[in-house]
Amino acid sequence: QTVRHLLADASMTMSENAQATMALEQDYEGAMEELRTAKQSWQAADMSLKVQSETVERLNSQVSQLTEELRIARDTISEWRTKAEDLHVKLERMSGGAGN
């Protein structure tokens, strides 16, 4: 082979190498952009999950508080019902059971 032929082969190989390198760099940049987008999406989802978790904790706390208030109200109603029944019995006794 002549030097000219070797130089032409080397030039063609360098050109192909440059094109392959450029294609790889473009693929790399595309992959990095996809990775950045995925990271942003993940961060947004993570933030949303944190907000939702905080909301759930707050709502659970409110449910606990309301459950306790309901228990107290039921206890109060039960006490009043018992007092009313006791008074009803006393009234029946005082009236001699005439109402029956």
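Trainee: What radius of gyration does the protein chain have, against a compact globule of 100 residues?

Mentor: This is a predicted model, where local features need pLDDT of at least 70, side-chain atom pairs count only at pLDDT 80 or more, and totals for chains, interfaces and linings use all residues. Residues are numbered from 1 along each chain as its sequence is written, and side-chain values use heavy atoms, with hydrogens and water left out. The radius is taken over C-alpha atoms, and the globule rule is 2.2 Å times the number of residues to the power 0.38. A compact globule of 100 residues would come near 13 Å, but the protein chain has 42 Å.

Trainee: How many helices and strands are there in the protein chain?

Mentor: Both are DSSP runs, numbered from the N terminus: helices are H or I, at least four residues, and strands are E, at least two. Helix α1 covers residues 3-94. The C-alpha atoms fill a box of roughly 135 × 20 × 10 Å along the principal axes. The count is one helix and zero strands.

Trainee: What share of the 100 residues is buried?

Mentor: Buried means under 20% relative accessible area, exposed over 50%, and partly exposed in between (1.4 Å probe, protein chains only). Asp46, at 27%, is partly exposed. Buried residues make up 0%.

Trainee: How many salt bridges are there?

Mentor: Side chains of opposite charge can pair when their charged atoms come close. A salt bridge is a side-chain nitrogen of Lys or Arg within 4 Å of a carboxyl oxygen of Asp or Glu. By this rule the count is four.

Trainee: Which residue forms a salt bridge with Glu33?

Mentor: Look along helix α1: the two partners are three residues apart, about one helical turn. Glu33 is partly exposed at 42%. The closest N and O atoms are 3.1 Å apart, and the partner is Arg36.

Trainee: How far apart are the closest N and O atoms of Asp46 and Lys50?

Mentor: Both residues lie in helix α1, four residues apart, about one turn. Lys50 is partly exposed, at 46% relative accessibility. Asp46 and Lys50 form a salt bridge, with the closest N and O atoms at 3.5 Å.

Trainee: Which residues are linked with Arg71 in a network of salt bridges?

Mentor: Start with Arg71 and Asp75, whose side chains meet at 2.7 Å, N to O. They sit four residues apart in helix α1. Arg71 is partly exposed at 41%, and Asp75 is partly exposed at 34%. The network links Arg71 with Asp75 and Glu68.
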